[in-house]
Amino acid sequence: MTVAPENYVALSAVLFFIGVVGVIARRNPLIMLMSIELLFNAANLALVTYARAWANNAGHIFAFLVITVAAAEAAIGLAIVAVTFRRSPHVDVDEVAALKG
Amino acid sequence: MIAFWILALLMIASAVFTVTAQKPVYSVVGLLANFLTLAATYLMLQAEFLAVIQIVVYSGAILILFVFVIALLSSGVRPFDVGPDKARMVLVPAIVLALLALLGIALTTIRSAVAVRPESALGGVTGESGSFGSVASFGAALFTTNLLPFEITAFILMVAVIGVVLIAGDEGPAGLPRRKKRRAIEREPIVKPPVTLSTSKGAQ
């Protein structure tokens with residue numbers, strides 16, 4: 001009844017690249033942000049898996065920090081999307097060039 | 001074992017649904033399913049605190065933030081215009097690229113994970129191993145060995161809050177005055193003294 005860590009790592013890789021496809025292929029900035037959340041979660045799954053495999057708490061701490069940074073990233077990203085939408089109704093990321101320095 | 005495969009299937013299906021959904025609200029629902037199954041997977045990996053944090057922070061805070069922004073953007077003032085759907089043009093090369101990268105990553109990491117595993121490692125990932133993963137040991141590790149990263153995390157959150165307020169806080173749409181001026185303009189007729197009363201008093 002044991003599951004080898006390799007299965008969890010493979011699941012994490014699959015999730016990560018589903019998220020990568022989402023970031024590359026979608027043009028809706030909200031769905032792109034959600035795909036980035038998928039990437040964070042895939043990385044967290046790998047961290048927790050390795051923490052369990054080595055019986056070491058450091059992976060949990062790292063995943064906790066990643067979750068915190070993901071929260072900050074989501075807040076800032078959604079604020080940028082909201083401001084961009086207020087300036088013009090086009091939220092297609094290919095059309096938005098106003099963020100260039 | 002069976003639980004792992006069921007969870008893995010659910011997780012992959014919900015992730016695919018999140019990425020391929022037409023409307024962002026559907027993506028939020030898929031993402032919620034993904035987070036819940038991931039929390040269950042954390043429980044299988046004996047990361048109890050992280051499972052709770054996953055539900056509370058991700059499903060409770062971040063997804064609600066997404067829902068709020070979607071409701072704000074599609075509130076009927078203007079249609080939520082994403083432009084033409086260019087996904088299909090990019091989808092095939094993206095999937096091919098992703099599968100190639102997935103193959104490479106899987107071959108390298110999984111092999112190294114098997115090879116480098118030390119003597120103290122556990123054979124399988126389920127089962128008991130003392131106090132590993134309990135909230136007490138997690139908190140002890142977080143507040144003793146990793147105190148500085150924890151405090152830096154608090155700083156990052158504060159910077160994010162200040163940044164969000166600066167970005168989205170006090171600026172109206174382009175061409176309109178800032179919100180303080182608008183509020184002053186709206187308040188002006190209320191502050192102005194009633195003219196008719198004074199004229200009627202003067203008439204008496």
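# Exercises on a predicted two-chain model

Chain A has an average pLDDT of 84, and 86% of its residues score at least 70. The model is predicted, and the exercises below should be read with that in mind.

## Exercise 1: Confidence and layout of chain A

Task: State which element of chain A has the lowest mean pLDDT and which the highest, and describe the secondary structure of the chain.

Solution. 
Step 1. Helix H1 (residues 5–25) of chain A has the lowest mean pLDDT, 85, among the elements of the chain. The highest, 91, belongs to helix H2 (residues 29–54) of chain A.
Step 2. Chain A contains three helices and zero strands, and its pattern along the sequence is α-α-α.
Step 3. Of its 101 residues, 57% count as buried. Among the contacts of chain A with a separation of 6 or more, 46% join residues 24 or more positions apart.

## Exercise 2: Layout of chain B

Task: Determine how many helices and strands chain B has and what share of its residues is buried.

Solution. 
Step 1. Chain B has eight helices and zero strands, which follow one another as α-α-α-α-α-α-α-α.
Step 2. Chain B has 204 residues, of which 19% are buried.
Step 3. For contacts with a separation of 6 or more in chain B, residues 24 or more positions apart account for 42%.

## Exercise 3: A helix pair in chain B

Task: Classify the relative direction of helices H2 and H3 of chain B, and describe the residues of their contact.

Solution. 
Step 1. Helix H2 (residues 24–44) of chain B packs against helix H3 (residues 48–73) of chain B at an angle of about 175°, and their axes are 8 Å apart.
Step 2. Angles over 145 degrees count as roughly antiparallel; therefore H2(B) is roughly antiparallel to H3(B).
Step 3. On the H2(B) side, the contact residues include B:Leu31, B:Phe35 and B:Tyr42. On the H3(B) side, they include B:Leu50, B:Tyr58 and B:Phe66.
Step 4. The residues of this contact comprise 19 nonpolar, two polar and one charged.

## Exercise 4: The largest nonpolar core

Task: Identify which residues have the most contacts inside the largest nonpolar core, and which helix supplies the largest share of the core.

Solution. 
Step 1. The largest nonpolar core has 57 residues, and those with the most contacts inside it are A:Leu15, A:Leu45, A:Val48, A:Leu78, B:Tyr42 and B:Leu50.
Step 2. At least two residues of this core come from each of H1, H2 and H3 (58–87) of chain A, and likewise from each of H1 (2–20), H2 and H3 of chain B.
Step 3. H2(A) contributes the largest share, 14 residues.
Step 4. Leaving aside neighbours within four places in sequence, A:Leu78 is in contact with A:Leu33, B:Leu65, B:Phe66 and B:Val69.
Step 5. As general background, nonpolar side chains tend to be buried together in soluble globular proteins.

Notes:
Residues are numbered from 1 along each chain as its sequence is written. Chains are lettered from A and ligands numbered from 1 in the order in which they are written. This is a predicted model: local features need pLDDT of at least 70, side-chain atom pairs count only at pLDDT 80 or more; totals for chains, interfaces and linings use all residues. Axes are lines fitted to C-alpha atoms, for helices over the stretch in contact, and angles run from 0 to 180 degrees between N-to-C directions. Helices (H or I, at least four residues) and strands (E, at least two) are DSSP runs, numbered from the N terminus. Angles under 35 degrees count as roughly parallel, over 145 as roughly antiparallel, 65 to 115 as roughly perpendicular and the rest as oblique. Two residues are in contact if their C-beta atoms, placed from the backbone, lie within 7 Å. Ala, Val, Leu, Ile, Met, Phe, Trp, Tyr, Cys and Pro count as nonpolar, Asp, Glu, Lys and Arg as charged, and the others, Gly among them, as polar. pLDDT is the predictor's confidence in each residue, from 0 to 100. A nonpolar core is a set of buried Ala, Val, Leu, Ile, Met, Phe, Trp, Tyr and Cys residues joined through C-beta atoms within 7 Å. A residue is buried if 20 or more other C-beta atoms lie within 10 Å of its own, exposed if 12 or fewer, and partly exposed in between; C-beta atoms are placed from the backbone.
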